[in-house]
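Here is a note for a colleague who is starting out with structures. Please keep the sequence and the model open while reading the numbered points.

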Amino acid sequence: MEQVPWWHRIELAPGLITPGLDDSRGKVQYLGIPENLSGKRVLDVGCWDGFFSFEAEKRGAREVIAIDIWESPGFRLARKVLNSKVHFERMSMYEVNSERLGLFEVVFCFGVYYHLKNPLTGLERIASVAKESALIEGEILAEETRTVVEFIEFLYGDDDPTTWWVPSLSALQAMVRASGFPSAEIVSTYQGGHRGVVRGLKTPLTKALAASENIVFALASPRNGETVCDRLTIEGWVIDRSDPVRGIDLIEVYLDGPEGEGEFVGRISPEGEFPGLTSQWGFLAPNSRFTIEIDVSQWAVGQHAIFLSFYSPTHWRQHRLHVIRKHIHS
Ligand SMILES: C[S@@+](CC[C@H](N)C(=O)[O-])C[C@H]1O[C@@H](n2cnc3c(N)ncnc32)[C@H](O)[C@@H]1O
């Protein structure tokens with residue numbers, strides 16, 4: 001045990017704890033890991049010595065796959081001593097895909113995204129295999145209230161060459177959503193606000209889909225913040241630039257929250273081309289145009305958030321806009 005350069009403090013036997021630098025056991029309380037993982041498949045991305053993989057196994061996970069870009073000798077030793085069934089694959093977060101790994105109810109991504117030069121690409125890979133939720137933990141900008149991400153070209157904090165991007169907490173939340181989770185909730189912050197945990201939540205339609213920047217849209221109506229009375233027309237144009245001939249299959253509308261949280265308003269399939277709109281961001285696909293007429297007369301007076309979800313066969317993208325419902329006295 002002494003020869004291994006341990007990162008995690010893993011209890012290999014009662015009272016026998018590996019001398020890792022990381023207070024893994026103390027961290028658990030902040031991570032939001034469900035107490036009971038029975039029946040769940042869990043993916044632990046960037047597992048290092050595997051503390052959290054073994055923790056998932058302890059909490060009853062049906063199967064745990066642990067991946068990292070290197071195989072730590074500590075992981076091998078701990079797996080053997082613990083008689084664990086955790087399966088290790090040497091693989092980058094960038095390479096995660098459902099063809100190779102299958103789907104997971106829960107994905108752990110602890111201490112990894114800020115080590116990536118392309119964090120959104122990595123988070124999209126996670127979104128593409130997550131059926132229910134993912135827990136994303138890492139470095140954040142303490143006390144920063146704006147939705148901003150700091151880029152580190154050389155060293156982070158004078159001595160760390162492995163960190164590239166550090167988001168504020170709200171930016172981390174937004175990044176998790178933008179990578180393909182309809183909603184993302186803050187689980188905790190700790191270490192004086194320098195570490196944060198966000199839970200990305202999937203829904204039946206979005207499970208195993210990553211969000212794509214290739215889905216682009218333009219709304220002719222409404223303007224963001226527009227006042228409406230009894231009827232709302234959402235009209236626009238949307239394509240998936242990665243398959244522009246096919247366009248989009250489905251658009252869903254939710255009120256005051258995304259799918260899974262908000263009220264379902266309706267779903268349509270786009271048809272035809274949108275007159276007057278040029279192929280500004282790509283080609284006009286046959287099924288690119290949509291018009292959604294909504295009776296809003298029963299909506300409460302005041303501001304509402306409308307969530308639009310655009311689905312192609314392989315990707316989706318979410319948009320949020322606001323309207324204000326005004327009551328007209330007859
Ligand atoms: C700070 S450690 C976190 C270890 C563990 N998850 C934890 O929270 O204690 C970062 C880990 O991510 C791994 N890592 C870095 N880049 C990665 C990538 N592209 N894909 C998967 N793992 C990566 C590193 O090798 C390292 O084991």
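Which of the 18 residues around the ligand come nearest?

1. The ligand shell. Gly-46, Trp-48, Met-93, Phe-110 and Gly-111 come nearest to the ligand, out of 18 residues around it. A residue is near a molecule here if its C-beta atom, placed from the backbone, lies within 6 Å of that molecule. By class, the shell divides into 11 nonpolar, five polar and two charged residues.

2. The model is predicted: local features need pLDDT of at least 70 and side-chain atom pairs count only at pLDDT 80 or more, while totals for chains, interfaces and linings use all residues. Residues are numbered from 1 along each chain as its sequence is written.

3. The chain as a whole. The protein chain has six helices and 20 strands. These are DSSP runs numbered from the N terminus, with helices (H or I) of at least four residues and strands (E) of at least two. The C-alpha trace spans about 80 × 40 × 40 Å along its principal axes. Of the 330 residues, 41% are buried. Buried means 20 or more other C-beta atoms within 10 Å of the residue's own, exposed means 12 or fewer, and partly exposed lies in between, with C-beta atoms placed from the backbone.

4. Contacts along the sequence. Two residues are in contact if their C-beta atoms, placed from the backbone, lie within 7 Å. Among contacts between residues at least 6 apart in sequence, 63% join residues at least 24 apart.

5. Two domains. The domain assignment gives domain 1 (11-210) and domain 2 (212-325); such bounds come from an automatic or database assignment. Their C-alpha centres lie 32 Å apart. Eight residues from domain 1 and nine residues from domain 2 take part in the contact. On the domain 1 side, the touching residues are five nonpolar, three polar and no charged.

6. A three-stranded sheet. An open, antiparallel sheet has the strand order β13-β15-β18. Strands count as paired if DSSP finds at least two bridges between them. β13 (215-221) and β18 (289-295) are at the edges with a single partner strand each, so one side of each has no neighbour in the sheet. From one strand to the next, the twist averages 25 degrees, where axes are lines fitted to C-alpha atoms, for helices over the stretch in contact, and angles run from 0 to 180 degrees between N-to-C directions. β15 (residues 231-240) pairs with β18 over seven bridges, and Glu-235 has Thr-291 of β18 as its bridge partner.

7. A cis peptide bond. Most residues other than glycine have a negative phi, and most peptide bonds are trans. Ser-221 and Pro-222 are joined by a cis peptide bond, with omega about -5 degrees. Pro-222 is in the loop between β13 and β14 (226-228).

8. Positive phi in two loops. Asn-83 is not a glycine, yet its phi is positive, about 55 degrees. Asn-83 lies in the loop between α3 (73-81) and β5 (87-90) and is exposed, with 6 other C-beta atoms within 10 Å. Gln-191 is in the turn of a hairpin formed by β10 and β11, which has four residues between the strands, and its phi is positive, about 50 degrees. Gln-191 is also exposed, with 12 other C-beta atoms within 10 Å.

9. A covered helix. How many of the eight residues of α2 are buried? In helix α2 (residues 51-58) the number is seven, including Phe-51, Phe-52 and Phe-54. The elements covering these buried residues include α1 (24-31), β3 (41-45), β4 (63-68), α3 and β6 (104-110). After α2 comes Gly-60, with a positive phi near 95 degrees.

10. Glu-150 lies in strand β8 (residues 149-151). Glu-150 is partly exposed, with 17 other C-beta atoms within 10 Å. Leaving aside residues up to four places away in sequence, Glu-150 touches Leu-141 and Val-166. Trp-165 is 15 residues from Glu-150 in sequence and 5.6 Å from it in space, C-alpha to C-alpha.

Technical notes:
Nonpolar A, V, L, I, M, F, W, Y, C, P; charged D, E, K, R; others polar.
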